[in-house]
Amino acid sequence: MKKIKAFGLTTIIVIALVASIFANKPRLVNNNDNQIEKTLDADLAFAVFGDVHENINHFQEAIDDFYKINPELDALILNGDSVDQGLDKQYKKKKKALKKNKDLLPETIIKNIGNHEFFDYDIETNSKEQVQGFINKYLDFAGVEKVYHDKWINGYHFISLGSEDGNSETMNSVTAFLSNEQIQWFKEKLAEKYEKGKPIFVFLHQQLEYPNSSWIGVQQADEIRNILSEYPEVVLFSSHTHRDLNESSVDLNKPFTIVHTGAIHYTLVYDSTKEKGLRREEHYINGIYVEVNGNNVKIKGRDIKEKEWKFNIDVEK
C-alpha cells in the first residue's frame, strides 16, 4: 500500500511539473479559426500595420476590417514605410486618410519611421541636410521629437526605435542605423518601471533577422539583440520584408519574442518557379492583431483581403 501511495504521489508531481512547463511556453492555438471574435474585456488590444507605402485603398481595407474585429482598439501602430517617398504630398495624402477615418481608428496612433521615409526617387544619394529634411517631415507627421520615442498604454510600455540615417553617403537605402545615444535611451526605457513577466512591446521597421534568411536589416543588430536577451518580456515587431504571414512569422526560439508584421501595400510569397524564390502579390494585405490579458499576449496574423486568420499564437511572459 505504501508503494502504491508513493507511486501516486510521484505521478501527481510529474504531471504538475509537465503542466507547469507547458503553461509557461508559447503555444499555437486555433490556427484555422477564421471567426471574428470581439474580446472587448482584454486589458489591452492593438493592431500593427507595416509597409503601407501610401497605398490608401489597401489602408482603407485594413482599417475597415480591423474595426469590425474590434471597434475599441487601444492603439494602432504604423510600423514604418507609411509613405513610399518622404514627400510633402504623400504625407498630406496619408494625413487625409487618417482624418477621414477618425471614427474608425483608435485615439492613439503610433507612427514609426522606416527606410522609405528617407526616399525621394529623384534624389540619388541624400546629403546630410537632405537626411535631416526627411527626418523633419517624419517628425511632423508622427508628432514626436525624435525618430525613437515611447508611450505607456493601459499600463504597458510601447517603445519605438528608428533609423537616424538612410539612402545617404553614410548609410544604404534599406538598413537601419541606431546611434549610441538611441541605444543608451533604449536601455533606460526597457528598465523604466520594469516588472518581471510583464510584456514590453518594442517596434522597429527593419528586422534584426528573418527566418531562413541571412538578411539583417539593422546595422547594430548584435547590440540590440544582446540588450533584448536580458528582457524575455519583450515582444519585438518588425516589418520591412513584405513576406507573407505564417506560423514562422512569430519567432519563439529566443529569449525574447519576434513578430514579423507582414505588409499592407503588397506581399512577397514563396514561389520556387521564380529566380529568387519569391513572387510579388499586389493584392495580398496582411496585418497583426494583439490582445493582452495580464502577462498573456495573443498574437493573430490577419489576411485582410480574405478576412481570415493565418495564425493565432498565445505567448505567456
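This is a predicted model: local features need pLDDT of at least 70, side-chain atom pairs count only at pLDDT 80 or more; totals for chains, interfaces and linings use all residues.
The buried residues of α3 are Q90, Y91, K94, A97 and L98. Seen down the helix axis, they fall within an arc of 120°, so they line one face of α3. The other side of α3 carries exposed residues: D88, K89, K92, K96, K99 and K100. Among the elements that cover the buried residues of α3 are α2 (56–69), β3 (75–79), β4 (108–112) and α4.

Helix α5 can be described in the like way. Its buried residues are Q182, I183, W185, F186, K189 and L190. They cover an arc of only 160° around the axis, which puts them on the same side of α5. Their cover includes β5 (149–153), β6 (156–160), β7 (200–203), α6 (221–228) and β8 (234–238). After α5 comes K193, with a positive phi near 55°.

| Helix | Residues | End-to-end C-alpha distance | Expected span |
|---|---|---|---|
| α5 | 180–191 | 17 Å | 16 Å |

The largest pocket has a volume of about 320 Å³. It is lined by 17 residues, and V131, Q132, I135, E164 and D165 are the closest to its centre. Helix α4 (residues 128–142) gives the most to this lining, with five residues. By type, the lining of the largest pocket divides into seven charged, five polar and five nonpolar residues.

Definitions and conventions: Residues are numbered from 1 along each chain as its sequence is written. Side-chain values use heavy atoms; hydrogens and water are left out. On a 1 Å grid over the protein atoms alone, a cavity is a set of points where a 1.4 Å probe fits but cannot get out, and a pocket is an open set with protein on both sides within 12 Å along at least five of seven lines; lining residues have an atom within 4 Å of a point. Grid points are joined across faces, edges and corners, and a volume is the space filled by probe spheres set on the points. Helices (H or I, at least four residues) and strands (E, at least two) are DSSP runs, numbered from the N terminus. Ala, Val, Leu, Ile, Met, Phe, Trp, Tyr, Cys and Pro count as nonpolar, Asp, Glu, Lys and Arg as charged, and the others, Gly among them, as polar. The expected span of a helix is 1.5 Å times one less than its number of residues. Buried means under 20% relative accessible area, exposed over 50%, partly exposed in between (1.4 Å probe, protein chains only). The arc is that of the directions from the helix axis to the C-beta atoms. Contact means heavy atoms within 4.5 Å.
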